[in-house]
Amino acid sequence: MFIYLNGRLVPEEKARVSVFDHGFLYGDGIYETMRAYCGVVFMIDEHIRRLFRSGELIKLKIVRPPDEIKRAIYNTLSKNRLKDAYIRLSISRGPGEIGLDPGLCPKPTIVIITKRFKEYPEEIYKKGVRVSIVKTRRNAPEALNPKIKSLNFLNNILAKIEAKEAGVYEAVMLNYRGYLAEGTITNIFFVKDGSLFTPSVEAGILDGITRKLIMKVAKGNGVKVEEGLYTPESLYGADEAFITNTTLEILPVTKVDNKTIGNGIPGPITGELHKGYKEEVERYLRTGKI
Ligand code: PLP
(Lines give C-alpha, C1' and ligand atoms only; values in the text may rest on other atoms or scores of the structure.)
Protein backbone atom coordinates (compact mmCIF):
# COMPACT_ATOMS: atom_id res chain seq x y z
CA MET A 1 0.00 0.00 0.00
CA PHE A 2 1.09 3.54 -0.68
CA ILE A 3 0.72 6.18 1.99
CA TYR A 4 0.28 9.87 1.35
CA LEU A 5 2.88 11.68 3.43
CA ASN A 6 3.28 15.44 3.18
CA GLY A 7 2.42 15.71 -0.49
CA ARG A 8 4.05 12.47 -1.70
CA LEU A 9 2.81 8.92 -2.17
CA VAL A 10 5.35 6.58 -0.61
CA PRO A 11 5.39 2.80 -0.09
CA GLU A 12 4.23 2.02 3.44
CA GLU A 13 7.65 0.66 4.49
CA LYS A 14 9.10 4.07 3.69
CA ALA A 15 6.34 6.12 5.29
CA ARG A 16 8.09 7.33 8.43
CA VAL A 17 7.56 10.28 10.74
CA SER A 18 9.99 11.81 13.22
CA VAL A 19 10.16 10.73 16.87
CA PHE A 20 10.08 14.48 17.56
CA ASP A 21 6.67 14.78 15.93
CA HIS A 22 4.34 16.33 18.48
CA GLY A 23 1.63 13.95 17.31
CA PHE A 24 3.78 11.19 18.81
CA LEU A 25 5.12 13.15 21.79
CA TYR A 26 1.87 14.76 22.92
CA GLY A 27 -1.00 13.44 20.81
CA ASP A 28 -1.12 16.94 19.35
CA GLY A 29 -3.09 16.72 16.13
CA ILE A 30 -6.40 15.94 14.47
CA TYR A 31 -7.88 13.30 12.18
CA GLU A 32 -10.85 12.09 10.16
CA THR A 33 -12.04 8.62 9.23
CA MET A 34 -13.87 8.28 5.93
CA ARG A 35 -15.40 5.45 3.93
CA ALA A 36 -15.31 5.04 0.16
CA TYR A 37 -18.08 3.11 -1.59
CA CYS A 38 -17.42 2.10 -5.23
CA GLY A 39 -14.65 4.68 -5.52
CA VAL A 40 -16.68 7.54 -4.01
CA VAL A 41 -15.72 8.97 -0.63
CA PHE A 42 -19.02 9.34 1.19
CA MET A 43 -19.73 12.88 2.40
CA ILE A 44 -16.13 13.94 1.80
CA ASP A 45 -16.98 17.65 2.03
CA GLU A 46 -18.52 17.22 5.48
CA HIS A 47 -15.44 15.34 6.69
CA ILE A 48 -13.09 17.96 5.32
CA ARG A 49 -15.18 20.73 6.86
CA ARG A 50 -14.98 19.01 10.24
CA LEU A 51 -11.22 18.52 9.80
CA PHE A 52 -10.80 22.27 9.29
CA ARG A 53 -13.02 22.94 12.30
CA SER A 54 -10.83 20.64 14.44
CA GLY A 55 -7.78 22.49 13.08
CA GLU A 56 -9.24 25.85 14.09
CA LEU A 57 -10.16 24.60 17.55
CA ILE A 58 -6.54 23.57 18.25
CA LYS A 59 -5.06 26.50 16.31
CA LEU A 60 -3.42 24.24 13.78
CA LYS A 61 -3.38 25.94 10.43
CA ILE A 62 -3.99 23.52 7.57
CA VAL A 63 -2.03 25.11 4.78
CA ARG A 64 -3.26 22.83 2.01
CA PRO A 65 -6.68 23.96 0.75
CA PRO A 66 -9.68 21.61 0.97
CA ASP A 67 -9.59 20.84 -2.77
CA GLU A 68 -5.98 19.74 -2.57
CA ILE A 69 -6.79 17.50 0.40
CA LYS A 70 -9.69 15.98 -1.52
CA ARG A 71 -7.42 15.32 -4.50
CA ALA A 72 -4.82 13.77 -2.22
CA ILE A 73 -7.43 11.37 -0.81
CA TYR A 74 -8.60 10.32 -4.28
CA ASN A 75 -5.02 10.01 -5.57
CA THR A 76 -4.14 7.74 -2.65
CA LEU A 77 -7.17 5.54 -3.36
CA SER A 78 -6.37 5.36 -7.01
CA LYS A 79 -2.66 4.61 -6.48
CA ASN A 80 -3.73 1.71 -4.24
CA ARG A 81 -6.46 0.64 -6.70
CA LEU A 82 -9.07 0.84 -3.97
CA LYS A 83 -12.79 1.36 -4.51
CA ASP A 84 -14.34 0.21 -1.23
CA ALA A 85 -12.02 1.57 1.35
CA TYR A 86 -11.35 2.80 4.84
CA ILE A 87 -9.52 6.13 4.85
CA ARG A 88 -7.71 7.69 7.76
CA LEU A 89 -6.41 11.23 7.35
CA SER A 90 -4.27 12.53 10.20
CA ILE A 91 -2.60 15.89 10.65
CA SER A 92 -0.19 16.28 13.52
CA ARG A 93 1.48 19.44 14.75
CA GLY A 94 4.66 18.13 13.11
CA PRO A 95 8.25 17.71 14.27
CA GLY A 96 9.72 20.20 16.73
CA GLU A 97 11.82 20.59 19.86
CA ILE A 98 10.50 18.97 23.04
CA GLY A 99 8.01 21.28 24.73
CA LEU A 100 4.29 21.90 24.51
CA ASP A 101 4.45 25.15 22.56
CA PRO A 102 2.93 24.53 19.11
CA GLY A 103 5.22 27.32 17.88
CA LEU A 104 8.08 24.80 18.11
CA CYS A 105 6.61 22.96 15.12
CA PRO A 106 6.84 24.93 11.88
CA LYS A 107 5.42 22.23 9.60
CA PRO A 108 2.46 19.93 10.32
CA THR A 109 2.67 16.30 9.22
CA ILE A 110 -0.15 15.12 7.00
CA VAL A 111 -0.75 11.41 6.46
CA ILE A 112 -3.42 9.54 4.53
CA ILE A 113 -3.72 5.81 5.11
CA THR A 114 -6.13 3.77 3.00
CA LYS A 115 -7.12 0.14 3.40
CA ARG A 116 -9.46 -2.17 1.56
CA PHE A 117 -12.80 -2.01 3.36
CA LYS A 118 -13.41 -5.19 5.25
CA GLU A 119 -17.12 -5.77 5.78
CA TYR A 120 -18.12 -6.21 9.40
CA PRO A 121 -19.51 -9.66 10.26
CA GLU A 122 -23.12 -9.91 9.09
CA GLU A 123 -24.02 -11.53 12.37
CA ILE A 124 -23.53 -8.36 14.43
CA TYR A 125 -26.10 -6.55 12.28
CA LYS A 126 -28.54 -9.46 12.41
CA LYS A 127 -28.32 -10.11 16.14
CA GLY A 128 -27.18 -6.76 17.47
CA VAL A 129 -24.38 -6.22 19.98
CA ARG A 130 -24.04 -5.73 23.68
CA VAL A 131 -22.64 -2.48 25.07
CA SER A 132 -21.76 -1.40 28.55
CA ILE A 133 -22.05 1.91 30.37
CA VAL A 134 -18.51 2.30 31.66
CA LYS A 135 -16.99 4.15 34.60
CA THR A 136 -14.72 6.34 32.45
CA ARG A 137 -16.58 9.59 31.84
CA ARG A 138 -16.42 11.54 28.59
CA ASN A 139 -14.09 14.53 28.86
CA ALA A 140 -15.92 17.64 29.99
CA PRO A 141 -16.19 20.02 27.02
CA GLU A 142 -14.63 22.73 29.19
CA ALA A 143 -11.55 20.49 29.64
CA LEU A 144 -11.25 19.08 26.13
CA ASN A 145 -13.92 19.90 23.62
CA PRO A 146 -15.20 16.59 22.13
CA LYS A 147 -15.91 18.50 18.91
CA ILE A 148 -12.16 18.33 18.30
CA LYS A 149 -11.50 15.05 16.51
CA SER A 150 -8.14 14.80 18.19
CA LEU A 151 -5.28 12.34 17.79
CA ASN A 152 -5.28 12.07 21.56
CA PHE A 153 -7.74 9.28 22.24
CA LEU A 154 -6.78 8.27 25.79
CA ASN A 155 -10.19 9.17 27.20
CA ASN A 156 -11.85 6.81 24.73
CA ILE A 157 -9.11 4.17 24.99
CA LEU A 158 -9.64 3.91 28.75
CA ALA A 159 -13.35 3.38 28.08
CA LYS A 160 -12.52 0.80 25.39
CA ILE A 161 -10.35 -1.13 27.85
CA GLU A 162 -13.33 -1.30 30.22
CA ALA A 163 -15.55 -2.53 27.38
CA LYS A 164 -13.04 -5.22 26.48
CA GLU A 165 -12.78 -6.32 30.10
CA ALA A 166 -16.58 -6.54 30.27
CA GLY A 167 -16.57 -8.58 27.04
CA VAL A 168 -18.87 -6.16 25.19
CA TYR A 169 -18.66 -4.61 21.74
CA GLU A 170 -18.63 -0.94 22.69
CA ALA A 171 -18.45 1.25 25.76
CA VAL A 172 -21.01 3.97 26.34
CA MET A 173 -19.61 6.91 28.25
CA LEU A 174 -21.62 9.23 30.45
CA ASN A 175 -20.68 12.87 30.62
CA TYR A 176 -19.31 14.40 33.84
CA ARG A 177 -22.90 15.12 34.96
CA GLY A 178 -23.97 11.49 34.58
CA TYR A 179 -25.98 11.85 31.36
CA LEU A 180 -25.47 9.63 28.32
CA ALA A 181 -22.76 10.97 26.01
CA GLU A 182 -21.41 8.60 23.35
CA GLY A 183 -19.41 5.49 22.55
CA THR A 184 -15.63 5.37 22.12
CA ILE A 185 -15.93 5.74 18.35
CA THR A 186 -19.70 5.92 17.94
CA ASN A 187 -22.77 8.01 18.68
CA ILE A 188 -25.68 6.38 20.47
CA PHE A 189 -29.40 6.44 19.70
CA PHE A 190 -32.43 4.82 21.26
CA VAL A 191 -36.09 4.44 20.35
CA LYS A 192 -38.97 4.73 22.80
CA ASP A 193 -42.66 4.63 21.87
CA GLY A 194 -41.86 5.24 18.20
CA SER A 195 -39.64 8.32 18.75
CA LEU A 196 -35.88 8.53 18.27
CA PHE A 197 -33.65 9.96 20.99
CA THR A 198 -29.96 10.85 20.97
CA PRO A 199 -27.73 12.86 23.32
CA SER A 200 -27.44 16.47 22.21
CA VAL A 201 -24.13 18.08 21.32
CA GLU A 202 -24.41 19.90 24.68
CA ALA A 203 -24.02 16.51 26.38
CA GLY A 204 -20.37 16.73 25.26
CA ILE A 205 -20.10 14.54 22.17
CA LEU A 206 -18.57 14.54 18.74
CA ASP A 207 -21.31 15.62 16.34
CA GLY A 208 -21.01 12.57 14.12
CA ILE A 209 -21.61 12.94 10.41
CA THR A 210 -23.54 9.66 10.46
CA ARG A 211 -25.56 10.88 13.44
CA LYS A 212 -26.69 13.97 11.55
CA LEU A 213 -27.69 11.97 8.48
CA ILE A 214 -29.62 9.43 10.57
CA MET A 215 -31.62 12.25 12.14
CA LYS A 216 -32.43 13.56 8.67
CA VAL A 217 -33.49 10.11 7.46
CA ALA A 218 -35.64 9.64 10.56
CA LYS A 219 -37.41 12.97 10.09
CA GLY A 220 -37.93 12.15 6.41
CA ASN A 221 -39.58 8.88 7.49
CA GLY A 222 -41.90 10.72 9.85
CA VAL A 223 -40.09 9.54 13.00
CA LYS A 224 -40.01 12.18 15.73
CA VAL A 225 -36.42 12.98 16.74
CA GLU A 226 -35.39 14.46 20.06
CA GLU A 227 -31.89 15.52 21.16
CA GLY A 228 -31.31 16.05 24.86
CA LEU A 229 -29.79 14.94 28.13
CA TYR A 230 -30.74 11.36 28.99
CA THR A 231 -30.08 9.14 31.97
CA PRO A 232 -28.73 5.58 31.75
CA GLU A 233 -32.22 4.39 32.82
CA SER A 234 -33.75 5.83 29.67
CA LEU A 235 -31.38 3.67 27.62
CA TYR A 236 -32.04 0.60 29.78
CA GLY A 237 -35.77 1.11 29.25
CA ALA A 238 -35.59 1.69 25.48
CA ASP A 239 -37.53 -0.34 22.90
CA GLU A 240 -34.58 -0.26 20.46
CA ALA A 241 -31.04 1.11 20.46
CA PHE A 242 -28.17 1.44 18.00
CA ILE A 243 -24.76 2.99 17.56
CA THR A 244 -23.49 4.83 14.49
CA ASN A 245 -20.32 5.89 12.77
CA THR A 246 -18.92 6.34 9.29
CA THR A 247 -17.65 2.80 8.85
CA LEU A 248 -20.26 0.85 10.84
CA GLU A 249 -23.23 2.90 9.57
CA ILE A 250 -25.96 1.69 11.99
CA LEU A 251 -25.28 -1.19 14.35
CA PRO A 252 -28.18 -2.49 16.48
CA VAL A 253 -27.66 -2.74 20.23
CA THR A 254 -29.70 -5.50 21.86
CA LYS A 255 -28.22 -5.49 25.35
CA VAL A 256 -26.93 -2.70 27.60
CA ASP A 257 -25.05 -4.08 30.60
CA ASN A 258 -27.38 -6.86 31.76
CA LYS A 259 -30.58 -5.27 30.46
CA THR A 260 -32.12 -6.64 27.29
CA ILE A 261 -33.30 -3.91 24.93
CA GLY A 262 -36.83 -4.46 23.60
CA ASN A 263 -37.28 -8.07 22.54
CA GLY A 264 -33.53 -8.66 22.41
CA ILE A 265 -33.46 -8.50 18.62
CA PRO A 266 -32.81 -5.50 16.33
CA GLY A 267 -35.99 -3.42 16.16
CA PRO A 268 -38.06 -2.30 13.15
CA ILE A 269 -37.19 1.43 13.34
CA THR A 270 -33.47 0.58 13.48
CA GLY A 271 -33.92 -1.54 10.34
CA GLU A 272 -35.92 1.14 8.57
CA LEU A 273 -33.30 3.80 9.36
CA HIS A 274 -30.48 1.60 8.16
CA LYS A 275 -32.34 1.01 4.90
CA GLY A 276 -32.88 4.76 4.55
CA TYR A 277 -29.19 5.39 5.26
CA LYS A 278 -28.15 2.94 2.55
CA GLU A 279 -30.48 4.73 0.13
CA GLU A 280 -28.73 8.00 0.98
CA VAL A 281 -25.40 6.34 0.15
CA GLU A 282 -26.82 5.13 -3.19
CA ARG A 283 -28.12 8.59 -3.97
CA TYR A 284 -24.74 10.13 -3.13
CA LEU A 285 -22.99 7.69 -5.45
CA ARG A 286 -25.33 8.76 -8.26
CA THR A 287 -25.49 12.50 -7.66
CA GLY A 288 -22.67 13.44 -5.28
CA LYS A 289 -25.32 14.98 -3.05
CA ILE A 290 -27.18 14.15 0.13
N1 PLP B 1 -17.98 9.80 18.49
C2 PLP B 1 -16.66 9.60 18.54
C3 PLP B 1 -15.93 9.81 19.80
C4 PLP B 1 -15.97 9.20 17.37
O5 PLP B 1 -14.65 9.01 17.42
C6 PLP B 1 -16.71 8.98 16.18
C7 PLP B 1 -16.03 8.54 14.96
O8 PLP B 1 -14.87 8.25 14.92
C9 PLP B 1 -18.08 9.19 16.18
C10 PLP B 1 -18.70 9.61 17.36
C11 PLP B 1 -18.91 9.00 14.94
O12 PLP B 1 -18.63 10.01 14.00
P13 PLP B 1 -18.90 9.85 12.44
O14 PLP B 1 -20.33 9.48 12.30
O15 PLP B 1 -18.64 11.21 11.87
O16 PLP B 1 -17.99 8.79 11.93
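**Entry 1: Asp-45 and its partner.** I looked up Asp-45 and found it partly exposed, at 34% relative accessibility. This is a predicted model, so I kept that in mind throughout. Asp-45 pairs with Lys-70 in a salt bridge, with 2.7 Å between the closest N and O atoms. The two sit in distant parts of the chain: Asp-45 belongs to helix 2 and Lys-70 to helix 3, 25 residues apart. Lys-70 is partly exposed as well, with a relative accessible area of 24%.

**Entry 2: other salt bridges.** How many salt bridges does a search of the whole structure find? I got 16. One of them joins Glu-119 to Arg-35, the closest N and O atoms being 3.9 Å apart. This pair also spans distant parts of the chain, 84 residues apart, with Arg-35 in strand 3 and Glu-119 in the loop between strand 6 and helix 4 (122-127).

Next I checked Lys-126 and Glu-122, a salt bridge with its closest N and O atoms 3.2 Å apart. They are four residues apart in helix 4, so about one helical turn separates them. Lys-126 counts as exposed at 59% relative accessibility, and Glu-122 is exposed at 55%. I also noted a network: salt bridges with shared partners connect Arg-35, Glu-119, Glu-249 and Lys-278.

**Entry 3: the ligand.** I counted 18 residues around the ligand, and the ones that come nearest are Lys-149, Glu-182, Ile-209, Thr-210 and Thr-246. A polar side-chain atom of Glu-182 is 2.7 Å from a ligand nitrogen. Ile-209 uses a backbone N or O atom, 2.8 Å from a ligand oxygen. For Arg-50, a side-chain N or O atom lies 2.9 Å from an oxygen of the ligand. Taken alone, the ligand exposes 390 Å², and the protein buries 96% of that.

**Entry 4: the core.** The largest nonpolar core has 44 residues, and Ile-73, Leu-89, Leu-196 and Leu-273 touch the most other members. Elements giving two or more residues include strand 3, helix 2, helix 3 and helix 8 (268-287). Helix 6 contributes the most, six residues.

**Entry 5: a patch on the surface.** Last, I found a nonpolar surface patch of about 520 Å², made by Val-19, Phe-20, Phe-24, Leu-25 and Ile-98. Val-19 lies in the loop between strand 2 (8-11) and helix 1 (22-26). Val-19 counts as exposed because its 55% relative accessibility is over 50%.

Definitions and conventions. Residues numbered from 1 in each chain as written. Predicted model: local features only at pLDDT ≥ 70, side-chain atom pairs only at ≥ 80, totals over all residues. Heavy atoms only, no water. Patch = residues over 30% accessible without salt bridge, like charges linked within 9 Å, V, L, I, M, F, W, Y side chains within 5 Å. Areas by Shrake-Rupley, 256 points an atom, 1.4 Å probe, with all protein chains shown as cover. Salt bridge = Lys/Arg side-chain N within 4 Å of Asp/Glu carboxyl O. Buried < 20%, exposed > 50% of the residue type's maximum accessible area, 1.4 Å probe, protein only. Near = heavy atom within 4 Å. Polar contact = N/O pair within 3.5 Å; in protein donor to acceptor, adjacent residues only side chain to side chain. Core = buried A, V, L, I, M, F, W, Y, C linked by side-chain atoms within 4.5 Å.
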